[in-house]
Amino acid sequence: ASSQSVNNGNVVDIQWGGYYTSKKEGKFGIFRLLDFNKDAYHIQLFQEKFNHSPSFDVVKDLRPFVWHVPIAVGGLLNQDELKLIGHNELDEQSLMGYEGYLRQMGADEAIIKEMVSRLVEYSNKPPMKVQLTESADGVDVLPLE
């Protein structure tokens, strides 16, 4: 039997505007969730690395190193010690990188404006628990509330 556990049935708190830590190569990194759907999650990345999981007070004023990265939703299953540590409401400035990405993908300005407004609204709601499960088709996303 393999000693490596399969990260199956992972329950994740999805918080638009949420700051998350996860461990890689013995250090904790940070990302901020901008958007989430059944196929991908969109984040800001921070350059800073920590020896211990940092508190929200330590990270809330950091500036993103990368303003937008889309990642296949299965990437959340590969995060070690993934933890939501706090959140700030999203605003137009925090979504600049995502807006640029949407333009590159051919979205028109009306759709972009509507998405930004929806994401700001989502970031005012409590976290949503979802269960991520690996399946033959990739990753299944099941809301738990």
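What is the strand order in the open sheet of 3 strands, and is the pairing parallel or antiparallel?

Mentor: Happy to! This is a predicted model, in which local features need pLDDT of at least 70 and side-chain atom pairs count only at pLDDT 80 or more, while totals for chains, interfaces and linings use all residues. Residues are numbered from 1 along each chain as its sequence is written, and side-chain values use heavy atoms, with hydrogens and water left out.

The order is β1-β7-β8, with antiparallel pairing. Strands here are DSSP runs (E, at least two residues), numbered from the N terminus, and two of them pair if DSSP finds at least two bridges between them. At the edges sit β1 (10-14) and β8 (138-143), each pairing on one side only. Between β1 and β7 (residues 128-135) there are 5 bridges; one partner couple is valine 12 with valine 130 in β7.

Now the rings: the structure holds 6 aromatic pairs (Phe, Tyr or Trp rings, the six-membered one for Trp, with centres within 6.5 Å; planes under 30 degrees apart are stacked, over 60 edge-to-face, the rest tilted). One of them is the tilted pair of tyrosine 19 and phenylalanine 46, 5.9 Å centre to centre with 35° between the planes. Tyrosine 19 lies in strand β2 and phenylalanine 46 in the loop between β4 and α1, 27 residues apart. Tyrosine 19 counts as buried because its relative accessibility is 4%, where buried means under 20% relative accessible area, exposed over 50% and partly exposed in between (1.4 Å probe, protein chains only). Phenylalanine 46 is also buried, at 4%. Ring pairs join Tyr19, Phe46 and Phe56 into a cluster.

Definitions and conventions
Helices (H or I, at least four residues) and strands (E, at least two) are DSSP runs, numbered from the N terminus.
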